[in-house]
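Here are my notes on this model, as numbered points you can check against your own view. Have a look at the picture first, then read on.

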Amino acid sequence: MKSRESLVRLKEFQVNEKRRQLQQLQMMMSEFERMTKDLESQIVVEEKKSGISDPNHFAYPTFAKAARQRADNLQVSIKELKMQEETLELALEEMQAEYARATALEERDGGARARA
């Protein structure tokens, strides 16, 4: 019966690990969103300073152009992280179901041992 106990512990560890990974992913996405907002506000300030808001204009500020590209890259990264988040959430649900099954088996075996 020790193998069932270790199976339960393993499943519990896997569930906790998936939760941790999901939490890290969510923190990373929120950090990227914050960075994007900061960049966008810097772009607005730079455009006001130069008086040019058209990125295709020949005198458009280089800093604003680079910041805009970085903000776009962060948005792409956020979209990719959201796809990973969905995958992780599905994996977490599967792990939780496996953990619940293992726990139920352990409880059933524990009850049978107590009666014997």
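Is Ala-91 buried, partly exposed or exposed? Ala-91 counts as partly exposed, because its relative accessibility is 21% (buried means under 20% relative accessible area, exposed over 50%, and partly exposed in between, with a 1.4 Å probe and protein chains only).

1. Ground rules. This is a predicted model, in which local features need pLDDT of at least 70 and side-chain atom pairs count only at pLDDT 80 or more, while totals for chains, interfaces and linings use all residues. Residues are numbered from 1 along each chain as its sequence is written, and side-chain values use heavy atoms, with hydrogens and water left out.

2. Overall shape. The protein chain has two helices and zero strands (DSSP runs numbered from the N terminus, with helices being H or I of at least four residues and strands E of at least two). Its radius of gyration is 25 Å, well over the 13 Å that the globule rule gives for 116 residues, so the chain is more spread out than a compact globule. That radius is taken over C-alpha atoms, and the rule is 2.2 Å times the number of residues to the power 0.38. Along the principal axes, the C-alpha atoms fill a box of roughly 85 × 15 × 15 Å.

3. Surface and contacts. The accessible surface of the protein chain is about 8,300 Å², and 54% of that belongs to carbon and sulfur atoms (Shrake-Rupley method with a 1.4 Å probe; for residues, only the protein chains shown count as cover). Of the 116 residues, 25% count as buried. Among contacts with a separation of 6 or more, 77% come from residues 24 or more positions apart, where contact means heavy atoms within 4.5 Å.

4. An unreviewed UniProt entry lists residues 15-108 as "coiled-coil region"; positions are in the numbering used here, feature names are shortened, and annotations may be inferred rather than shown by experiment. In the model, this span is 88% helix and 0% strand, and its end C-alpha atoms lie 21 Å apart.

5. Two places where the chain comes back on itself in the numbering. Gly-51 sits in the loop between α1 and α2 and counts as exposed, because its relative accessibility is 63%.

6. The nonpolar core. The largest one has 18 residues, and those with the most contacts inside it are Phe-32, Leu-39, Ile-43, Tyr-60 and Leu-81. Both α1 and α2 give two or more residues to this core, with α2 giving the most, at nine residues. By definition, such a core is a set of buried Ala, Val, Leu, Ile, Met, Phe, Trp, Tyr and Cys residues joined through side-chain atoms within 4.5 Å. Beyond its neighbours up to four places away in sequence, Tyr-60 touches several residues, including Ile-43, Ile-52, Pro-55 and Arg-68.

7. A buried threonine. Thr-36 belongs to helix α1 (residues 2-50) and counts as buried, because its relative accessibility is 2%. Setting aside neighbours within four places in sequence, Thr-36 is in contact with Ala-71, Leu-74, Gln-75 and Ile-78.

8. Salt bridges. Side chains of opposite charge can pair when their charged atoms come close. The whole structure has six salt bridges (a side-chain nitrogen of Lys or Arg within 4 Å of a carboxyl oxygen of Asp or Glu). One of them joins Glu-47 and Arg-68, whose closest N and O atoms are 2.7 Å apart. Glu-47 lies in helix α1 and Arg-68 in helix α2 (residues 62-115), so this pair ties together parts that are 21 residues apart in sequence. Glu-47 is buried, with a relative accessible area of 13%, whereas Arg-68 counts as partly exposed at 30% relative accessibility. Elsewhere, salt bridges that share partners join Glu-31, Arg-34 and Asp-38 into one network.

9. Glu-31 meets Arg-34 at 2.5 Å, N to O, and Arg-34 meets Asp-38 at 2.6 Å, N to O. Glu-31 and Arg-34 are three residues apart in helix α1, which means about one helical turn separates them. Arg-34 counts as partly exposed at 41% relative accessibility.
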